[in-house]
Amino acid sequence: MKITMIGTGYVGLVTGTCFAEFGHHVTCVDNDRDKIAKLIDGDIPIYEPGLDALVAKNVQDKHLSFTTELAAAVAAAEAVFIAVGTPSSRRGDGYADLTYIYEAAREIAPHLKDYTIIVDKSTVPVGTARQVSRIVKEVNPDADFDVASNPEFLREGAAISDFMRPDRVVIGVESERAESALRAIYQPLYLRETPIVKTDIETAELTKYAANAFLATKISFINEMAVLCDEIGADVTALAKGIGMDGRIGSKFLHPGPGYGGSCFPKDTLALMRIAQENGHSLRIVEAAVEANAAQKAKMVKKVRDMLGGSEAGKTIAVLGLTFKPETDDMRDSPSVTIIPALIEKGASIRAHDPQGIEEARTLLPQNITYSENAYDACRDADAVILMTEWNQYRALDLSRLGKTMKQKIFIDLRNVYSPELLKEYGFRYVGVGRS
Ligand code: UDX
């Protein structure tokens, strides 16, 4: 099929490339000329494992191309996906900002030729697809089209395998033509027997928010259990195993940490709360999950302070990992963005390392941070080290080398990567999350 992808951000670029890999002919459109020029040169603007090779292969095979010329790309397409950004609105009220979606709808409309399916891929509040449909009709009353919703469930760092081996594909459609077009697009997943969940458009839109809110709630739940374990001397790792083996609960997303972050959970939980409020309801469980997440970050600051004997003032702290999770350069709403400034404010000096996030960190974190070449360099003369993000390169550190260069051997493991016993053997004072 001929597919046009509007927006070459994270979702658009991964989705477009994977559709090309499926065998479709994909044109990715963006109005950012620089970005398109770079993509044409093979320069991928984000770090996502495997993406650069997949882009190169599909460009070479002539299944994937990049352009700023929206008109021609839309006219030639059988399906147009909208994958532009939906940031939280600048008003700071949690609403998703739909300006780019509606602009895209307005720009697409005049160029639609034969029957075209327009698919909302971006995460959008309930009712957005219907609004897109209204806009297209208004601009081009003769257009032959359907609008559908097809939310993405891609995890950063694992997006390509998530796309190629999804647990399910959700399609929100209102006509048989739209349904068969989307089924044809996802036909390559037939062999894997991937379930296609067909719903109405509103349900598909809401499914994305509900999935992310549920996962965020699961994390906040285990984070609160971890705090309780810390208080009463229990072990949250064993507890997570104990509950996770119950098939109804499931073992995934039960890893306590410094709080969830990223481009989805913080934004989508707030947007879902607003959707509910607009409809006269409050989602108290989601609200509590959001509050617990903010509290978790604050508790991590206190954990560091306690380990340093009650004050961060004048202490040097090494931070390993800045991104919100490993295998990404994404710093959006990363716990480090809250925790590090709080430590600096109390007088700590920070030496930080991250395998991919330093460039973005420089724009988001206070200026007076020293960025190091590697983990050992960051830990030199430090009073404590915080393992903030569980990158693979931090999972097998040479602990004796690390300890030798530190001023005080204090290890604060906010991802429970190490066994407390091992760190003790190397002479460290260790604290994890919920493993006192
Ligand atoms: C998420 C959803 O998983 C994905 O389906 C959706 O489409 C987009 O949002 P992503 O934001 O890439 O994906 O990251 P994810 O792996 O879900 O992790 C989100 C945050 O939760 C990270 O900060 C991570 O460290 C944290 N997390 C995750 C935990 O603290 N504990 C866990 O057990 C799992």
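How many cavities of 30 Å³ or more does the count come to? In this predicted model, the count comes to one such cavity. The volume of the largest cavity is about 50 Å³. Its lining is made up of D120, S122, T123, V124, S149, N150, P151, E205 and K208. By residue class, the lining of the largest cavity comprises four polar, three charged and two nonpolar residues.

The protein chain was divided into two parts, with domain 1 spanning 2–199 and domain 2 spanning 235–431. A distance of 33 Å separates the C-alpha centres of domain 1 and domain 2. Domain 1 contributes 15 residues to the contact, and domain 2 contributes 17 residues.

The size of an interface is often expressed as the accessible area lost when the parts come together. Between domain 1 and domain 2, about 1,400 Å² is buried, and 52% of this area lies on carbon and sulfur atoms. On the domain 1 side, the residues losing the most area to domain 2 are Y47, Y95 and E156, which together account for 47% of what that side buries.

One salt bridge was found between domain 1 and domain 2. A salt bridge joins R332 to E156, with the closest N and O atoms 4.0 Å apart. E156 is also among the residues of domain 1 that lose the most area to domain 2. The side of domain 1 that touches domain 2 consists of seven nonpolar, five polar and three charged residues. Six residue pairs are in polar contact between domain 1 and domain 2, with both residues at pLDDT 80 or more.

How values were computed: Residues are numbered from 1 along each chain as its sequence is written. This is a predicted model: local features need pLDDT of at least 70, side-chain atom pairs count only at pLDDT 80 or more; totals for chains, interfaces and linings use all residues. Side-chain values use heavy atoms; hydrogens and water are left out. On a 1 Å grid over the protein atoms alone, a cavity is a set of points where a 1.4 Å probe fits but cannot get out, and a pocket is an open set with protein on both sides within 12 Å along at least five of seven lines; lining residues have an atom within 4 Å of a point. Grid points are joined across faces, edges and corners, and a volume is the space filled by probe spheres set on the points. Ala, Val, Leu, Ile, Met, Phe, Trp, Tyr, Cys and Pro count as nonpolar, Asp, Glu, Lys and Arg as charged, and the others, Gly among them, as polar. Domain bounds come from an automatic or database domain assignment. Contact means heavy atoms within 4.5 Å. Buried area is the accessible area (1.4 Å probe) that two parts lose on being put together, summed over both. A salt bridge is a side-chain nitrogen of Lys or Arg within 4 Å of a carboxyl oxygen of Asp or Glu. A polar contact is a pair of N or O atoms within 3.5 Å; within protein, one must be able to donate a hydrogen and the other to accept it, and residues adjacent in sequence count only if both atoms are side-chain atoms.
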